[in-house]
Amino acid sequence: MTTTLITGANKGLGFETARRLVAAGHTVYVGSRDADRGRRAADRLGARLVILDVTDDASVAAAVKAIEADGGLDVLVNNAGIEGTVVPTAETTVDTLRPLFETNVFGMVRVTHAFLPLLLRSPAPVVVNVSSGLASKTLVSTPDTPTYAYPGLAYPASKAAVNMVTVQYAKAFPNMRINAVEPGYTATDLNGHRGTQTVEEGAEIIVRMAQIGPDGPTGGYFDVTGPLPW
Ligand SMILES: NC(=O)c1ccc[n+]([C@@H]2O[C@H](COP(=O)([O-])OP(=O)(O)OC[C@H]3O[C@@H](n4cnc5c(N)ncnc54)[C@H](OP(=O)(O)O)[C@@H]3O)[C@@H](O)[C@H]2O)c1
């Protein structure tokens with residue numbers, strides 16, 4: 001059994017992933033930037049709470065200290081993410097991109113970098129980066145698909161960066177299993193619950209990749225059906 005931290009686990013896919021991993025017998029830290037929302041989620045789940053805002057160095061450093069003091073970390077699920085209002089590409093500016101990159105990309109690197117010393121002490125470290133189908137240049141360029149029709153620039157660009165971050169970390173740390181996953185279009189607050197899948201369906205690939213062993217894949221990009229085109 002492992003000790004797992006899930007960022008942004010107070011609701012949505014992160015919460016459901018935490019529920020499944022607790023049920024499987026793992027020790028789970030619910031990462032939440034808000035103490036009250038996090039406490040409510042952790043209490044419902046029978047999980048531990050760690051306050052963690054992925055955009056804040058001090059918050060991440062405090063989370064590392066707390067988890068280190070409690071015994072360390074085996075699995076990091078970089079789930080926290082935002083989409084914001086979808087701005088059409090023609091109207092997108094740097095200011096549109098900035099908050100998405102701050103959370104989805106810089107936040108992921110901040111958290112991963114900060115937890116590396118703890119992960120490197122684990123006998124079987126695993127990182128799961130929650131990406132998106134919109135990160136795939138192949139899928140976004142395939143006409144007559146919902147992915148092709150997505151009108152915005154910022155979110156797909158941030159998730160494409162997540163995929164590259166995943167590949168480069170995987171090469172740098174061959175003893176870790178580090179993969180990107182696409183949950184599929186899932187009804188959560190992120191999309192005003194327009195997603196067509198349930199959180200149970202969406203969390204499946206996250207849960208699966210969080211539990212892979214040392215012989216599992218690394219540097220890959222997967223949905224529930226298998227590897228995805230980059
Ligand atoms: N839903 C989909 O269809 C879909 C599809 C593909 C990929 N994804 C990805 O799946 C992940 C989870 O999304 P979701 O659909 O479950 O959305 P959600 O229900 O909106 O949950 C997002 C979580 O991220 C947290 N978060 C946002 N900014 C944060 C920050 N700065 N620090 C810490 N936590 C932060 C939120 O916390 P607060 O409650 O405090 O805001 C919340 O717990 C995201 O990375 C998203 O891009 C979702």
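Student: Where is threonine 138 found?

Tutor: In this predicted model, threonine 138 lies in helix α5, which covers residues 137-140.

Student: And is threonine 138 buried or exposed?

Tutor: Threonine 138 counts as exposed, because 10 C-beta neighbours lie inside 10 Å, and a residue with 12 or fewer is placed in that class.

Student: What does threonine 138 touch, leaving out residues up to four places away in sequence?

Tutor: Under that condition, threonine 138 touches Pro229 and Trp230. Tryptophan 230 is 92 residues away along the chain, yet the C-alpha atoms of threonine 138 and tryptophan 230 are separated by 6.1 Å.

Student: What about threonine 147, where is its place?

Tutor: Threonine 147 belongs to helix α6, residues 146-149. Threonine 147 counts as partly exposed because it has 18 C-beta neighbours inside 10 Å.

Student: Which residues is threonine 147 in contact with, apart from its neighbours within four places in sequence?

Tutor: Those contacts are Gly133, Leu134, Leu139, Val140 and Thr142. Leucine 120, by contrast, is 27 residues from threonine 147 in sequence and 36 Å from it in space, C-alpha to C-alpha.

Student: What is there in the loop between α5 and α6?

Tutor: Aspartate 144 has its place in that loop. Aspartate 144 has a positive phi of about 65°, although it is not a glycine. With 6 C-beta neighbours inside 10 Å, aspartate 144 is classed as exposed.

Student: Changing topic: how many helices and strands does the chain have?

Tutor: The chain has 8 helices and 8 strands. Its radius of gyration is 16 Å, close to the 17 Å that the globule rule gives for 230 residues, so the chain is as compact as a globular protein of that length. The C-alpha trace spans about 50 × 40 × 30 Å along its principal axes.

Student: How much of the chain do buried residues make up?

Tutor: Of the 230 residues, 44% are buried. As for contacts with a separation of 6 or more, 65% are between residues 24 or more positions apart.

Student: In what order do the strands form the sheet?

Tutor: The 8 strands form an open sheet in the order β3-β2-β1-β4-β5-β6-β7-β8, with mixed pairing. At the edges stand β3 (48-51) and β8 (226-227); each has a single partner strand, so one side of each is left without a neighbour in the sheet.

Student: Which way do the side chains of β4 point?

Tutor: In strand β4, residues 75-78, Val75 and Val77 point one way and Leu76 and Asn78 the other way, and all are buried.

Student: How do β1 and β4 run, and how many bridges join them?

Tutor: Strand β1 (residues 3-6) and β4 run parallel and are joined by 3 bridges. In this pair, isoleucine 6 stands opposite valine 77.

Student: And in what sense do β4 and β5 pair?

Tutor: Strands β4 and β5 pair in the parallel sense, over 4 bridges. Leucine 76 has valine 127 of β5 as its bridge partner. Strand β5 (residues 126-130) also pairs with β6 (residues 177-181) in the parallel sense, over 5 bridges.

Student: What stands opposite valine 128 in β6?

Tutor: Asparagine 179 stands opposite valine 128. Not counting residues up to four places away in sequence, valine 128 touches Val77, Asn78, Asn179, Val181, Ile206, Met209 and Ala210.

Student: Last topic: how many residues surround the ligand?

Tutor: There are 31 residues around the ligand, and the closest are Gly8, Gly12, Gly81, Thr188 and Leu190. By class, the shell has 9 nonpolar, 15 polar and 7 charged residues.

Student: Which helix supplies the largest share of that shell?

Tutor: Helix α1 does, with 3 residues. Helices α1 (12-23) and α4 (94-120) each supply at least two residues of the shell.

Methods. Residues are numbered from 1 along each chain as its sequence is written. This is a predicted model: local features need pLDDT of at least 70, side-chain atom pairs count only at pLDDT 80 or more; totals for chains, interfaces and linings use all residues. Two residues are in contact if their C-beta atoms, placed from the backbone, lie within 7 Å. A residue is near a molecule or strand if its C-beta atom, placed from the backbone, lies within 6 Å of it. Ala, Val, Leu, Ile, Met, Phe, Trp, Tyr, Cys and Pro count as nonpolar, Asp, Glu, Lys and Arg as charged, and the others, Gly among them, as polar. A residue is buried if 20 or more other C-beta atoms lie within 10 Å of its own, exposed if 12 or fewer, and partly exposed in between; C-beta atoms are placed from the backbone. The radius of gyration is taken over C-alpha atoms; the globule rule is 2.2 Å times the number of residues to the power 0.38. Two strands pair if DSSP finds at least two bridges between them.
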